[in-house]
Each structure stands twice: as structure tokens, then as C-alpha cells.
Amino acid sequence: MRPRMRSRLGRALNRLRRTALGDSTHEATERRDEQLGKTDRDRPEGFLIWVLSDQASEVGPAPALAQALEERIEKSVHVLATPLEEKPLVEEVEAHVIHQFAPGDTDGTIRRFLDHWQPDAALVLGQPARARLLTEAARRGMPLFHASSHRAQTPTARKLPAYLAMCDRCFAPSASDANVLRSHLKNAQTKIEVTGPLSDTTYALPCNEAECDELAKLLGGRPIWLGARITRSEVSVVEDAHRKAFRSAHRLLLILVPRPGENAPKIAKDLEERGWRVALRSNLQEPDPEVQVYIADTEDELGMWYRLAPVSFIGGSLDTTVEPTDPFNAAALGSAVLHGPNEGRNPARFKALAAHGASSTVTGSRDLGDAVISLLAPDKAASLAQAGWNVTTESANVVERIAEVLEEQILEAGLAE
């Protein structure tokens with residue numbers, strides 16, 4: 001069973017447990033058990049990378065690392081994430097890792113945790129306060145690696161934790177950070193390598209390239225914007241914005257991807273009643289030149305729509321009852337990001353884009369329409385898209401390098417057989 005399928009099954013089982021016990025009761029029990037090193041989840045088959053970090057946002061690049069390593073060794077790779085911060089992960093990241101509360105720093109807890117999970121390697125991000133846990137992992141022969149998410153994050157040598165001397169390799173975010181590490185680890189066997197920071201990054205969503213090329217030809221250079229996983233309450237906002245933008249560009253096409261579970265045929269019917277020419281992908285209809293709104297309601301094609309649309313509105317960001325769609329997926333594929341004020345329980349990715357001028361926030365249909373009109377100018381959309389691409393791929397080379405080192409470790413240990 002693939003990791004995505006396992007994660008969906010796990011979330012379904014969690015929902016059933018929470019329904020039976022009540023959310024707060026279940027979460028309190030789960031937190032207590034996991035902090036004691038207990039869990040009802042099985043260790044997955046294949047290679048298991050354990051990521052221990054200070055903050056939940058630091059786990060962001062873990063799925064990309066797993067994918068890069070999986071492509072190298074052609075074997076299932078999984079990630080066990082245990083941030084010390086008791087905060088939700090980004091929903092897209094949560095779907096691709098095993099998220100546990102970090103175990104406590106007592107002998108019994110550590111023994112239960114490591115006996116159960118038996119990670120093949122550990123990646124320590126930052127300087128999490130779990131010295132005893134990491135010391136025991138090293139004593140068991142587990143390869144330890146260290147990385148940082150920001151430059152100049154390494155404190156003075158006197159303040160660095162002793163367990164860094166047990167790491168096989170430290171990936172330094174800058175030359176100055178590497179110098180601090182060398183000063184601290186001058187008597188250790190730890191290798192120090194300057195790679196740049198392991199900041200939050202993502203892998204590009206896949207798509208059928210042949211079909212994407214065919215659709216691009218069919219669309220013939222039409223101006224396009226995308227509503228990515230729109231909730232039912234956002235449909236009218238997006239439709240009003242499209243009507244406003246349509247007055248400025250009469251060939252403008254809205255590709256609307258409904259959120260899973262929404263009634264796409266009903267959305268199509270409602271839009272037709274409002275005067276739009278609509279096509280529904282699940283009915284095998286195409287976005288022909290006369291189509292003004294294309295409802296793309298088939299599964300696992302979001303990567304294709306991001307590739308085709310220069311501008312994307314992030315669904316769920318104007319609906320406070322749901323977690324918004326991950327904005328990094330759009331930015332990583334060169335689509336300019338528009339979103340509402342709802343940034344979800346872990347807003348790190350929205351804030352990262354905003355900090356680099358790689359997104360634009362809207363509050364309703366009027367300014368969403370204005371933003372779409374503004375980004376119809378190719379240079380403006382390209383500028384926003386380039387900034388977003390830079391943010392989401394800054395650490396791509398670091399991910400590849402760590403995957404390469406892990407592959408070497410796997411081959412040396414004979415774990416790829």
C-alpha cells in the first residue's frame with residue numbers, strides 16, 4: 001500500500017476513534033501515550049527516516065526528502081516526524097508522514113519509542129532538547145544527521161548540544177555556521193558539509209505530461225486562472241470574481257477544481273443557471289473555446305491544472321471551517337498564488353510566501369477579481385510566480401544532497417537489498 005493510501009486510511013481510523021471517544025479525550029490520550037513512547041500504529045515496511053525537530057514547520061521538507069530518496073533506492077521510504085512543538089503540521093505534510101508527539105526524555109520512554117519504530121536513520125533539525133534520546137539512538141548504531149532550516153541559526157560553540165558530536169554528518173546552512181560547528185566538533189569524527197539551509201520545500205505534484213500538452217494545445221493561449229479545491233461556500237465568491245475579470249478579458253477561462261466531497265454536477269448546474277457556458281470533466285467534456293468555466297472534478301490532476309494556469313486562487317482560504325489547500329503546490333509549479341485570510345492551523349507556508357512577495361491576499365470577490373485582472377498581465381503574473389518558485393525550491397539541492405548521503409548509508413548497511 002502506498003504512503004498516501006496508508007495516510008488516508010489512518011486519518012479515517014483516527015476520525016472513527018475520535019467520534020467514539022470525543023476529540024478532546026482521544027487527543028489527550030494519544031498525546032499521553034506517545035509522550036510515553038507508546039503508539040497503536042505499526043512500523044511501516046521499508047526505509048524509515050526519523051525527523052526530530054524543534055518546530056512543526058521544520059518538518060515541511062520531509063516528504064520531498066522521502067520522495068527523492070525513494071526515487072534513488074527504488075524502495076518504499078517513510079518519515080516519522082516528532083517535532084517538540086505540539087502544533088499541527090501543514091495538512092499536505094501531515095498526509096505524507098507519520099506524525100507523533102515527541103517522546104519524553106526518560107529511559108523507559110526512550111526504550112519503548114526506539115524499540116517500536118527502529119528508524120534506519122535520524123535527521124535532527126535545529127537543536128531539539130532530547131539529548132538522552134539521541135544519545136541512546138547513537139548507542140544503538142543509528143546514523144544521525146543534522147541540518148538547520150535557517151542561516152546563522154547555529155549558536156556559539158559553547159552553547160551547542162553535546163550530541164552533535166555523535167552525528168555522522170552535519171549539513172551546515174552557511175560557511176559561518178560550518179566554522180562554529182568545526183570549532184565545537186574539532187575532536188569528533190563528524191563530517192561537516194556546507195549545503196545551505198534545509199528550509200521548507202515541496203516536490204512538484206505529478207501529472208500526465210502527454211495529456212497536459214494536449215490540453216495546452218486545445219486552450220490555445222487563452223488567459224486562464226484556477227480555483228484550486230474550492231469549497232461550496234467559495235463558489236459564489238470565485239464566480240463573482242470571474243464575472244468581473246471576464247469583462248476585461250472575454251476569452252478568460254476559469255478552471256474550477258471543487259474540494260473533494262463537493263457536488264460538482266450541482267456546481268456546474270448552478271453556474272449554468274447564472275449564464276455561464278460550463279463543461280464538466282467527469283462527463284468527458286473538454287474546455288473548448290466556447291467554454292467559460294471548466295469544472296475539473298477528477299481526482300489527482302491538480303498538478304496538471306497548476307501547470308496550465310498562470311494564476312491560482314487557493315481554496316479553503318476564504319472558508320474558516322476547513323484547512324486551506326497547500327499554497328506551496330501552486331507556487332512550486334509556477335502558478336501565481338492568490339489566497340484569502342484563512343491560513344489554517346499551521347500558517348508557515350502562507351507566511352513564507354508573503355514574506356518574499358510571492359503571494360497576494362484577498363478578502364472577497366471584488367479584490368479577487370481585481371487581482372485576477374492585474375495578473376492577466378504576463379509580466380506581473382511571472383514576477384509573482386518566480387518569487388513563489390524561489391521560495392518553494394530554495395532547498396531542493398539540499399534535499400537532493402541529503403538523499404544522496406542517505407542512499408550511501410543504505411547501500412553500506414545493505415538495507416536496499
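**Figure 1. Cysteine pairs in the predicted model.** The closest cysteine sulfur to that of Cys207 belongs to Cys212 and lies 4.5 Å away, too far for a bond. The model is predicted. A disulfide would need the two sulfur atoms within 2.5 Å. Cys207 is partly exposed, with a relative accessibility of 21%. For Cys167, the closest cysteine sulfur is in Cys170, at 4.8 Å, and this distance is also too far for a bond. Cys167 is buried, at 4% relative accessible area. The structure contains zero disulfides.

**Figure 2. The ring pair of Phe246 and Trp276.** Four aromatic pairs are counted in the model. In the pair formed by Phe246 and Trp276, the ring centres are 5.5 Å apart and the planes stand at 90 degrees, so the arrangement is edge-to-face; planes over 60 degrees apart are classed this way. The pair links distant parts of the chain, as its two residues are 30 residues apart. Phe246 belongs to helix H9 (residues 232–246), while Trp276 sits in the loop between helix H10 (264–273) and strand S10 (278–280). Phe246 has a relative accessible area of 14% and is buried. Trp276 is buried as well, with a relative accessibility of 7%.

**Figure 3. The seven-stranded open sheet.** The strands follow the order S10-S11-S9-S8-S12-S13-S14, and their pairing is parallel. S10 and strand S14 (359–361) form the edges, each pairing on one side only. On average, neighbouring strands of this sheet are turned by 20 degrees against each other, with direction ignored.

Figure 4. S10 runs parallel to strand S11 (residues 293–295), and three bridges join the two strands. Val278 has Val293 of S11 opposite it. Strands of a sheet pair through backbone hydrogen bonds, in either a parallel or an antiparallel manner.

**Figure 5. Two residues with positive phi.** Most residues other than glycine have a negative phi. Gln118 has a positive phi, near 45 degrees, and is not a glycine. Gln118 is located in the loop between helix H5 (107–117) and strand S4 (121–125). Arg229, likewise not a glycine, has a positive phi of about 55 degrees. Arg229 is part of strand S8 (residues 224–230). With 28% relative accessibility, Arg229 is partly exposed.

**Figure 6. The whole chain, for orientation.** The protein chain contains 16 helices and 14 strands. Of its 417 residues, 52% count as buried. Among contacts with a separation of 6 or more, 70% are between residues 24 or more positions apart. The chain exposes about 18,900 Å², with carbon and sulfur atoms supplying 49% of this area.

How values were computed:
Residues numbered from 1 in each chain as written. Predicted model: local features only at pLDDT ≥ 70, side-chain atom pairs only at ≥ 80, totals over all residues. Heavy atoms only, no water. Helix = DSSP H or I, 4+ residues; strand = E, 2+ residues; numbered from the N terminus. Buried < 20%, exposed > 50% of the residue type's maximum accessible area, 1.4 Å probe, protein only. Contact = heavy atoms within 4.5 Å. Areas by Shrake-Rupley, 256 points an atom, 1.4 Å probe, with all protein chains shown as cover. Phe/Tyr/Trp six-rings, centres within 6.5 Å; stacked < 30°, edge-to-face > 60°. Pairing = 2+ DSSP bridges. Axes fitted to C-alpha atoms, helices over the stretch in contact; angles between N-to-C directions.
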